[in-house]
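Reader: Hi, could you walk me through a few residues in this model? I'm new to reading structures, so please go slowly.

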Amino acid sequence: SFYDQLLIQTRLVDTNITEFVQITNLSKLGEFVTRVAGTAGARVTIVDLKGNVLADSAYDYREMENHRMRPEIQDALLGRESFSHRYSSTLGQDLIYVAYPLKIDNQIVGAVRVARDQKELNELILRLRTLIIGGIGLAAIIPIFLGVLAMNRITKPILELKRTATAISGGDLSVRVSYFGRDELADLGLAFNSMAQRLSNSFEQLGNEKHKLQVILQNLVDGILVID
C-alpha cells in the first residue's frame, strides 16, 4: 500500500544513514538526505533526540523549528514507527508523514521522517476507484453480452422456422430451414425441411397426374360426363 511504501523508504533511509553517514557531520548528512529524497521522490527529514532538525531535503534545516512535538517524531523517538497526516506550514501543503527511530549501535539517536504529498495518495485512490468501477462495469457488461448472445442463439432459429412456415403456407415449397444445431430446435428445423420436401413431392406427383389426365381428355373423340 501507499503507507507500506513510505515505511519501506523510511527504513531504507535509516539503514543507509547508519552505514554511510556520520550523524554529526551535518554537511554530508544534508547532501545524503537531498540525494535520497531525489531518488525516493519524497521529502526526508532527520531530527536528533531533542527534536532539533539536522537535515531536510525540502527546506533549510537551520530555519526550521524544533520538531519534538510532532506526533510522528514523538513516537519515533520512543522507538515506534508512526504515521501522520496533516498540513505542513513549512511547505504549505498537505503531507503524509512516516517516522522511524534512527539507531546507532541499537541506541536511538534521533528519528528519520519521510513525507509524501497527499495529492499522490488522492491520485492513487482515484486510480483504484476507476479500476474498481471499471471492473464492476465490465462484470456487469459481460453477463449482458453473454445473455444477448444466448438470446440471439434461441431467437434466430425460431425466426427462421417462422419464416419457413409462412413461406410454405403461402405456397412456396422451395424454402428450407438453414439453421442446424444439436438441440430440439434443430430437430424441428429438420422436420420442417422433411415436411416441405414431402409436400413438394406430393404436389409434383399431383401435377404430373393432372397433366396426364389433360392429355387423355384432349385426345378423346367421345364425350365424357362426370357426376358425383
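Reader: Is Leu 190 buried, partly exposed or exposed?

Author: This is a predicted model, and in it Leu 190 has a relative accessible area of 45%. Because buried means under 20% and exposed means over 50%, Leu 190 counts as partly exposed.

Reader: And where does Leu 190 lie?

Author: Leu 190 is part of helix H5, which covers residues 184-218. The C-alpha atom of Leu 190 is separated by 7.4 Å from that of Val 177, a residue 13 places away along the chain.

Reader: Ok, switching topic: which residues have the most contacts inside the largest nonpolar core?

Author: That core has 13 residues, and those with the most contacts inside it are Leu 29, Val 33, Val 44, Ile 46 and Ala 55. At least two residues of this core come from each of helix H2 (26-40), strand E1 (43-48), strand E2 (53-56) and strand E5 (107-117).

Reader: Which of them gives the most to this core?

Author: Helix H2 does, with five residues.

Reader: What about Thr 45, is that one buried or exposed?

Author: Thr 45, which is found in strand E1, has a relative accessible area of 1%, and because the limit for buried is under 20%, Thr 45 is buried.

Reader: So what does Thr 45 touch?

Author: Leaving out residues up to four places away in sequence, Thr 45 touches Val 53, Ala 55, Asp 56, Ala 111, Val 112 and Arg 113. With Asp 56, the side chain of Thr 45 also makes a side-chain to side-chain polar contact of 2.4 Å.

Definitions and conventions. Residues numbered from 1 in each chain as written. Predicted model: local features only at pLDDT ≥ 70, side-chain atom pairs only at ≥ 80, totals over all residues. Heavy atoms only, no water. Helix = DSSP H or I, 4+ residues; strand = E, 2+ residues; numbered from the N terminus. Buried < 20%, exposed > 50% of the residue type's maximum accessible area, 1.4 Å probe, protein only. Core = buried A, V, L, I, M, F, W, Y, C linked by side-chain atoms within 4.5 Å. Polar contact = N/O pair within 3.5 Å; in protein donor to acceptor, adjacent residues only side chain to side chain. Contact = heavy atoms within 4.5 Å.
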